[in-house]
Amino acid sequence: MTFAVFEWLNSGNNLSFILEGFAINLEIALVAILLALVAGLALALLRLSRNRLVSTVAGLWVDLFRNLPLLLLILFLFLWIPQGWRNTWENTIPGWAPEAFQSGLMLAGLSGLVLYNSAVLAEIMRAGILSLPRGQAEAASALGLGYRQSMLHVILPQGLRRMVPATVSQLITLNKDTTLVSIIAITEVMRRARTVTATSGNPFTGGGVDAPILEVFIFVGLLFIAVNFALSRLSKRLEVRERRRSGSVPKPQVRGLEEQVA
Amino acid sequence: MPFAFFDVLTDNFDAFATGFGTTLRIVVLSFVIAMVVGTLVAAFRVAPNPWLQRLGAIYVEFFRNIPLLVLLFISFPGLRRAGVEITAIVAGVASLGLYTAAYVAEALRSGVFSVSKGQIEASLSLGFSYPQTLRRIVLPQAFRTVISPLGSLIIAMIKNSAILGGSILALDDLLKAGRVIQSRTFETVPSFVWAAAGYLILTGLATVAIRRLETRYAVRR
Amino acid sequence: MKTTRWLAILALALGLVLAGCGEDDEESGGAQEESTPAAEVEQFEPGTPLGDIQQEGTITIGVKYDVPPFGFNNPQSGTVEGFDVDLGRAIAERLGVEPEFIEAISDNRIPFLQDGTADVILSTMTINEERVEQIAFSDPYFIAKGRILHKKDDTEITGVDALAGKSVCTALGSTYEATLKEQAPEAKLKLVDSYSECLESLQNGSVDAVSTDDVILTGMIIQDDTLELVGEELTQEPYGAGIRTENTELLEFVNETFEAYKTDGRYDTAFEKWIGQYTGAQPEPPTISVDEAVELVKQSAG
């Protein structure tokens, strides 16, 4: 180890190269969580449907995708998504979207992330809705509200609000999961870090200060820890606020842990 | 086409089985590490000593917020380049174990808090030392509460183990087997379906085992 | 969840899968933006594959991003460079369009070609029997030899016969998986996504050797001179550009481009620039046909 630890950060445009990559991860996470929330809500509603067939099939779907490794989904989609879809993606993606999103590969990465996380979020939402005291639903129907109306105005707003802390936790996990798309050759932070370690200090590829793998990836790790730690603080504050507002913690303290694990 | 579907399994059964076995081994080893380290960290977190508490908190925040893939790069090529002769399987199992340990620690900590303070105080006033209190009163009860979350962690570990094969560690796990078979036969759907089936078998077994344990031991809250 | 539920999940998964199985061939050819083709370039009718490419204004070429000197993404210059890349540019130039390079890793290059993501694959791809069944190849543009790379201070590996019990790295989806299984059945294979990972593994000592085409290995030696080639050549590896089987016009076009490239001196210049100046070797543009290449590979694989 050299005396000047992390000096490779100053050399060339290594730092901006890696930070740009990190921004891509965050962007992917943001887009994925938004899409997954929409899809997850749809799934949750299907799950809660009074039609037995619909709720069972939706339930199986959710259970299936919650139990498969995310990387398996991503790699499969990467190899299977046909050209027509990739083309449509590249045609419809607006010009102002970041460069990494322009590639059809992002379709596979995003789909994998959304498929998986929508199933997870569907479960969180369902738990949030089911955790509402029965009285709410009964009161709504006593007031003459139909199923749809009571859902829209009473159940969903309260149930969904309860799952905000859990959703922020899931965003933390999603942030970490975005690194998996590096395996399908999307140039986010992991790929870029690899490029920096492989090419710096190497006369064939331009020279510069040698960047040891250990240091580079510790740096990348710290980037993630910083962002995720901030998010977890936010989640705790939201949980405290929710507790104050509704007067109780809706679920036992250890709930939601499983969804947080990568 | 339907025949090719099953052919992919029968022709390559050895490869799938080997991958399955490797994944199973990885999960078991990582689980042991996660439980041992996780218990230790949880103990730190609830210790009366503020330094130990801080250490535990740092551990948890570090390993919960860092992506597993980054950990793998640090522990395998990172350490090897720095001179440590670590093998891929050790790096993989250690990373997955230490990573999951942070979650185990949190689950146990919540379980510990579920044991009422009164019991801890009573035990201490009866002359038990703090370690003894932990060992005989708190932890046994805490364990029972946490069977369900621990079960979820095992399932998460099974899923995360797939990352080990896809990373530079290149361990020959179940997902790897699926990819190798796909690259040889070009039968994308069957290769991945059978690999996925393997993972579902593992998570299914874990779920069944957890349910059994729950009905036998868990405390209803 | 009961056992029946798990069976139900598997059944649903099977259902999804069978639905997905039907999606085998998808047409390519979505014309995007138009750009006027350059002058002095042979124009093709829109509606023909070449005409469509000209209408789009770009030809998508899959190359390696991490295999110097054939295709690698140079972070200092921000572009992809290499011998394969230069060949790709020659094709694009002759067609009067811009080349768009994408990364083709070993296990996705043929699917990318078949589904139309890439028009041409120029990524150190060996012509062999199995691949010829899936796609069409241009005439060979380079003949590499399979070799073994190890650390200079390693005395145990002297050749392919000495690989028993040793760990050898090669890329997932490359021809070396089969070659090594045949020629060194006792060796422990480590399969990774890309050769840069093999280089890393060799450098950090987690594998004993890397086996692939000599030029790729030379690229590794250039980056790290503690490595050296050892032993006899394992195989002959004729590289060809990959093109979709149905796209016969593009195949013809590429072959004509290569013919010109080989004879008008551009081949020699590129060879010298990327390979010759490091290895001292002389350029030898291959003159064999695709079928002869397939034979060559079969014989040399033993």
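Visitor: In which loop of chain A is Ala97(A) found?

Guide: Quick heads-up: this is a predicted model, where local features need pLDDT of at least 70, side-chain atom pairs count only at pLDDT 80 or more, and totals for chains, interfaces and linings use all residues. Residues are numbered from 1 along each chain as its sequence is written, and chains are lettered from A and ligands numbered from 1 in the order in which they are written. Helices here are DSSP runs of H or I with at least four residues, strands are E runs of at least two, and both are numbered from the N terminus. Ala97(A) sits in the loop between helix 4 (83-92) and helix 5 (99-102) of chain A.

Visitor: Is Ala97(A) buried or exposed?

Guide: Take C-beta atoms placed from the backbone and count the others within 10 Å: 20 or more means buried, 12 or fewer exposed, and in between partly exposed. Ala97(A) has 12, so this residue is exposed.

Visitor: Which helix of chain B gives the most to the side that touches chain A?

Guide: Contact means that two C-beta atoms, placed from the backbone, lie within 7 Å. By that rule, 43 residues of chain B are in contact with 34 residues of chain A. With ten residues, the top contributor on chain B's side is helix 8.

Visitor: In chain C, which are the edge strands?

Guide: Strands pair if DSSP finds at least two bridges between them. Three strands of chain C form an open sheet in the order 2-3-4, with antiparallel pairing. Pairing on one side only, the edge strands are strand 2 (66-67) and strand 4 (79-81).
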